[in-house]
Amino acid sequence: MTAGIVALTVAMFLAFLAPSAWLTVTRRRTLAGPPPAPGEPGLLEVAYLRGGPARVVDTVVARMCEDGRVSVDSTGKLKVERASADNAVERALLARCGPDWGTKLYRLRVSLQFDAAVDGVRSSLVNRGLLMSAAAQQKWRRAADVQVCGLVVGAVIALGLLGVPAALPVAIVGLAVLAGGIKLRIAHGPQTAKPGFTPHGREFTDRLGTVGPWRVRASAEHPEGVAGVVAMHGTDGPEPDQPYLHQLRLAIRTRPRTSTPAKTSKSAKSSAASSASYSSYSSSGGYSCSSASSCSSGSHHSGHSGHSSHSSCSSHSSCSSSSSSCGGGSSCSS
């Protein structure tokens with residue numbers, strides 16, 4: 001009987017302590033992340049930190065409406081006025097406009113959140129050490145689950161030892177360790193880091209809202225204009241209000257019949273999960289006007305990111321089945 005009590009005691013403390021130690025080490029490594037990258041996050045990165053993928057899309061729409069590249073009519077239909085993109089998310093938006101260069105804003109807003117370009121905004125924040133990677137978060141959750149299993153096993157053994165008079169002191173100590181393990185799970189579990197911020201990311205995001213020009217709501221005073229205020233405060237933030245922001249608010253409240261694309265990448269799903277809390281800024285590449293046409297991009301330096309591309313149709317393609325072309329200030333339509 002004594003040997004059995006010793007074996008159960010060892011098993012109980014191993015069940016309590018080993019998974020708890022793993023959880024503590026995993027949490028520390030996950031929160032540490034890579035060293036912060038030099039430089040300040042850009043407009044879309046700030047939008048992601050403040051509101052996830054949805055805020056990134058709202059910010060892009062506001063920026064493109066603000067400078068006249070797209071417009072939104074009273075029916076909530078977004079129309080391309082000038083086919084020009086400053087970054088990958090804007091190119092992804094233009095690619096969703098269809099052959100008539102127009103689409104319902106609420107549908108575009110939902111589908112664009114799952115685009116790889118938006119997930120690229122998150123990836124850049126992970127590289128900056130502001131957000132945890134999806135793999136690191138998964139490892140942390142796994143360590144927390146194992147620790148809970150260890151607590152359950154240890155608790156069963158401790159309760160069993162309570163019925164053995166010779167093992168009563170050990171059982172009481174075991175229950176005290178169990179209480180400490182539960183407290184550790186609550187304090188060090190992955191739920192404490194939602195929506196995936198590292199300590200540096202949380203500190204940076206909190207600082208944005210209290211000091212510096214990002215906190216202002218007057219779009220004329222913000223360094224990024226209306227788009228900057230939307231990135232920080234959402235569509236209700238900018239002063240004075242704008243008609244396209246009203247349409248954005250209506251789009252937010254509208255539930256599309258097909259809420260999300262049927263197939264999304266694994267990384268896009270992790271991007272959507274973080275929204276309950278990254279983007280290449282190069283202007284290279286192009287986007288499709290329709291199934292029968294393509295647009296090419298030429299670089300021009302302007303705007304926040306320092307890059308803007310003025311798209312034009314090549315001499316051998318058009319933006320629709322008709323002969324209309326991408327003019328500098330006109331929209332492409334059939």
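Reader: How many salt bridges does the count come to?

Author: In this predicted model, the count comes to nine salt bridges.

Reader: What makes the pair of Arg128 and Glu45 a salt bridge?

Author: The closest N and O atoms of Arg128 and Glu45 are 3.2 Å apart. A salt bridge requires a side-chain nitrogen of Lys or Arg within 4 Å of a carboxyl oxygen of Asp or Glu, and therefore the pair of Arg128 and Glu45 is counted as one.

Reader: Why are α1 and α6 called roughly antiparallel to each other?

Author: The axes of helix α1 (residues 2–32) and helix α6 (residues 134–162) cross at roughly 160 degrees and come within 8 Å. Angles over 145 degrees count as roughly antiparallel, so α1 and α6 receive that description. The crossing in which α1 passes α6 is left-handed. By class, the contact of α1 with α6 has 20 nonpolar, seven polar and three charged residues.

Reader: Why are α4 and α10 described as roughly perpendicular?

Author: Helix α4 (residues 105–112) packs against helix α10 (residues 243–253) at an angle of about 65 degrees, and their axes are 8 Å apart. The range for roughly perpendicular is 65 to 115 degrees; α4 and α10 are therefore roughly perpendicular to each other. Their crossing is right-handed.

Reader: What makes α2 oblique to α5?

Author: The axes of α2 and α5 cross at roughly 140 degrees and come within 10 Å. Roughly antiparallel would need an angle over 145 degrees, and roughly perpendicular covers 65 to 115 degrees, so α2 is oblique to α5. The crossing of α2 and α5 is left-handed.

Reader: Which residues make the nonpolar surface patch, and which helix supplies the largest share?

Author: Leu159, Leu162, Leu168, Ile172 and Leu175 make a nonpolar surface patch of about 400 Å². Both α6 and α7 (168–188) supply at least two residues each, and the largest share, three residues, comes from α7. Leu159 lies in helix α6.

Reader: What kind of peptide bond joins Glu239 and Pro240, and where does Pro240 lie?

Author: The bond between Glu239 and Pro240 is cis, with omega about -5 degrees. Pro240 lies in the loop between α9 (225–233) and α10. In general, most peptide bonds are trans.

Technical notes. Residues are numbered from 1 along each chain as its sequence is written. This is a predicted model: local features need pLDDT of at least 70, side-chain atom pairs count only at pLDDT 80 or more; totals for chains, interfaces and linings use all residues. Side-chain values use heavy atoms; hydrogens and water are left out. Axes are lines fitted to C-alpha atoms, for helices over the stretch in contact, and angles run from 0 to 180 degrees between N-to-C directions. Helices (H or I, at least four residues) and strands (E, at least two) are DSSP runs, numbered from the N terminus. Angles under 35 degrees count as roughly parallel, over 145 as roughly antiparallel, 65 to 115 as roughly perpendicular and the rest as oblique. A crossing is left-handed if the near helix is turned anticlockwise from the far one by less than a right angle, and right-handed if clockwise. Ala, Val, Leu, Ile, Met, Phe, Trp, Tyr, Cys and Pro count as nonpolar, Asp, Glu, Lys and Arg as charged, and the others, Gly among them, as polar. Patches are made of residues with over 30% relative accessible area and no salt bridge: like charges are joined within 9 Å, nonpolar side chains (Val, Leu, Ile, Met, Phe, Trp, Tyr) within 5 Å. Accessible areas come from the Shrake-Rupley method with a 1.4 Å probe; for residues, only the protein chains shown count as cover.
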